[in-house]
Every structure is written in structure tokens, then in C-alpha cells.
Amino acid sequence: MNTLQDKIQESIAFLQKAEKLALKLNPEGGFYVGFSGGKDSQVVLELCKLAGVKHTVYHNVTTNDNATTIRFIHKKYPEARFIIPKESYFRMIERYGLPTRLRRWCCLRFKERIGAGNVVVTGVRAEESRNRAEYAEIAKYARNKSDRKGVDLDKMRDNEFQCVGGRDKFLIYPILHWTEDDVWKFIKDRGLPINPCYEQYKRVGCVFCPFSPVRYIRAYIETHPKQYQALLHSINKYLERSEIGSQFESAEDAFEWWLSKSSIKDWQEKKRQVAMKM
């Protein structure tokens with residue numbers, strides 16, 4: 001079993017090997033490091049520095065970000081370039097409705113389309129999900145994750161990179177086989193700053209994210225009241241123009257349905273049963 005030091009050296013060697021491809025695609029910027037301000041992105045950025053590879057750091061703003069994370073990045077990682085979306089998360093809700101685990105338009109709009117024409121470095125780890133466990137360490141991007149084919153860096157001169165619709169890129173995961181314990185130990189050993197959000201939450205990300213535990217979202221209602229009110233306003237706008245609008249009594253009602261992670265039919269039945277008991 002590889003030690004953390006083994007994994008560090010393997011990750012560094014991997015980045016150094018992949019740099020040729022990164023420079024081929026972007027001679028000026030090198031690797032495109034997607035930086036969220038979370039622990040995993042901190043590790044991959046530090047590994048890029050240790051490897052001595054050319055890289056540029058980007059944070060993609062969603063407008064649904066935790067303000068604590070934004071301040072943390074500004075203060076501790078001033079080299080990060082903030083990418084501002086053309087349309088806010090809340091404006092998009094007015095058109096598309098709330099994102100769900102199965103309908104993740106937010107990830108597509110704010111994350112998956114980043115870095116076109118580059119080798120994008122992210123802190124994805126295999127142990128985070130069954131789906132991620134099947135990832136290759138470097139792959140050419142495809143909309144469908146199951147179609148992301150691994151790339152042999154030793155044969156990369158045979159790879160053709162054609163930017164189709166401005167979306168093609170390579171995705172590289174230097175810490176794919178690291179554990180969460182590896183990540184925290186590396187951060188401690190390197191003396192890296194820790195995002196204050198970890199004092200309350202296990203994960204760092206968007207405030208009202210469909211992947212967040214319900215208890216986190218409930219807490220965000222209290223800690224981020226302005227964002228919550230903006231969210232309700234957007235939900236209400238969506239309900240006014242949507243065919244499902246008549247199925248909810250208010251934006252708050254629709255929000256509670258979203259939190260339940262159930263179908264509208266099941267949610268309505270649950271409400272009916274609760275009302276009968278009152």
C-alpha cells in the first residue's frame with residue numbers, strides 16, 4: 001500500500017509528465033487549475049507548485065457561493081482569477097427551476113464548461129463516489145462522463161485535439177487515488193491555510209446545493225438570509241411561468257418539496273396525510 005509520500009511523488013511526476021500536453025494547448029497559461037477554495041483544490045494547487053509546472057488558477061463564481069469561501073480565496077490565494085458568469089444562479093432558477101441531483105444544470109453552466117481548450121486540473125478523488133472511482137487519471141472531456149476515455153500520455157503525440165463548439169478539453173486528476181485522510185495530512189504537513197467553512201461543514205461549495213445535506217441547507221437559511229430571500233424570489237418567478245406552479249402554495253412550499261428530494265406527487269401525498277392528522 002502506497003504511503004502518502006509515495007502518492008505525493010507519483011502526483012508530482014504525473015503533473016510533470018502531463019505538462020507537455022498542457023503547454024501544447026496553452027503555452028502562456030499551462031495547466032488550468034480549477035480552484036474551489038476547498039481542501040482538495042488546495043492540495044492539487046500545492047502539488048502544481050511543488051512539481052514546478054506552469055499553471056494558472058481560476059475560481060468560477062456561481063453567485064450562490066459561500067461568502068466565507070470567497071473571502072478565504074481573496075485573502076489566502078490572491079493569485080486566483082475569478083470568472084464571473086454572464087447570468088447569475090438566481091436568474092437561471094427563474095428560467096430552469098431549482099437544480100436537482102438528476103437535473104444538475106448548475107454544474108453544467110458553472111463548472112463543466114470551464115477551461116475549454118486547456119488541460120484542466122481538479123481535485124476529484126475516487127473515494128468520493130462510485131462514479132468517480134471509474135475515472136481515468138486524465139481523459140478527454142465528454143458531456144457524458146461514461147464517454148470520457150482515458151489518455152495515454154506516452155502516446156499523446158498521436159492524440160488530436162480539436163476544439164468543437166469551444167467545449168473540448170482534457171481533465172486531469174492528480175489526487176484521484178488519495179484518501180480524505182491523505183488530503184488533511186498533506187494540508188497539515190505543508191502548513192496550508194484551512195477554509196473556515198470546515199469549522200461547521202464537511203464540504204465546501206455552493207450554499208443551496210442539491211448535493212448538500214438537508215441540515216446544512218437549513219443552517220444556510222439562518223446564516224445566509226439574503227441569499228435565501230433571493231432564492232425564494234427566483235423560485236416564485238419560476239412558478240409564475242411554469243406549468244407546475246399551480247402545484248405549490250408558495251415559493252417556500254416549493255423549496256420544502258425540493259429539500260424532500262422526492263417527486264411532486266409523493267410530496268403532495270405527504271402533505272395531504274399530514275393535513276389529515278391535524
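A residue is called buried under 20% relative accessible area, exposed over 50% and partly exposed in between, with a 1.4 Å probe and protein chains only. By that criterion N60, with a relative accessible area of 19%, is buried, whereas N2 counts as partly exposed because its relative accessibility is 40%.

The model is predicted, so that local features need pLDDT of at least 70 and side-chain atom pairs count only at pLDDT 80 or more, while totals for chains, interfaces and linings use all residues. Residues are numbered from 1 along each chain as its sequence is written, and side-chain values use heavy atoms, with hydrogens and water left out.

**Overall architecture**

The protein chain has 10 helices and six strands, these being DSSP runs numbered from the N terminus (H or I, at least four residues, for helices; E, at least two, for strands). Of its 278 residues, 49% count as buried. With contact defined as heavy atoms within 4.5 Å, 65% of the contacts between residues at least 6 apart in sequence join residues at least 24 apart. The chain exposes about 15200 Å², of which carbon and sulfur atoms supply 50%; the areas come from the Shrake-Rupley method with a 1.4 Å probe, and for residues only the protein chains shown count as cover.

**Nonpolar cores**

A nonpolar core is a set of buried Ala, Val, Leu, Ile, Met, Phe, Trp, Tyr and Cys residues joined through side-chain atoms within 4.5 Å. The largest such core has 34 residues, and L15, F31, V43, L47, I172 and W178 have the most contacts inside it.

The most is given by α1, with eight residues. Apart from this core lies another, of 31 residues, among them L98, F208, Y238 and W257. Leaving out residues up to four places away in sequence, V43 touches I175, W178, V183, F186 and I187.

N2 lies in the segment before α1 (4-25), and its C-alpha atom is separated by 9.8 Å from that of W178, 176 residues apart along the chain. Beyond residues up to four places away in sequence, N2 touches K7 and E10. Its side chain makes a polar contact with the side chain of E10 at 2.9 Å, a polar contact being a pair of N or O atoms within 3.5 Å, of which, within protein, one must be able to donate a hydrogen and the other to accept it, and residues adjacent in sequence count only if both atoms are side-chain atoms.

N60 is placed in strand β2 (residues 55-60) and, leaving aside neighbours within four places in sequence, is in contact with Y32, D65, I83, F110 and I114.
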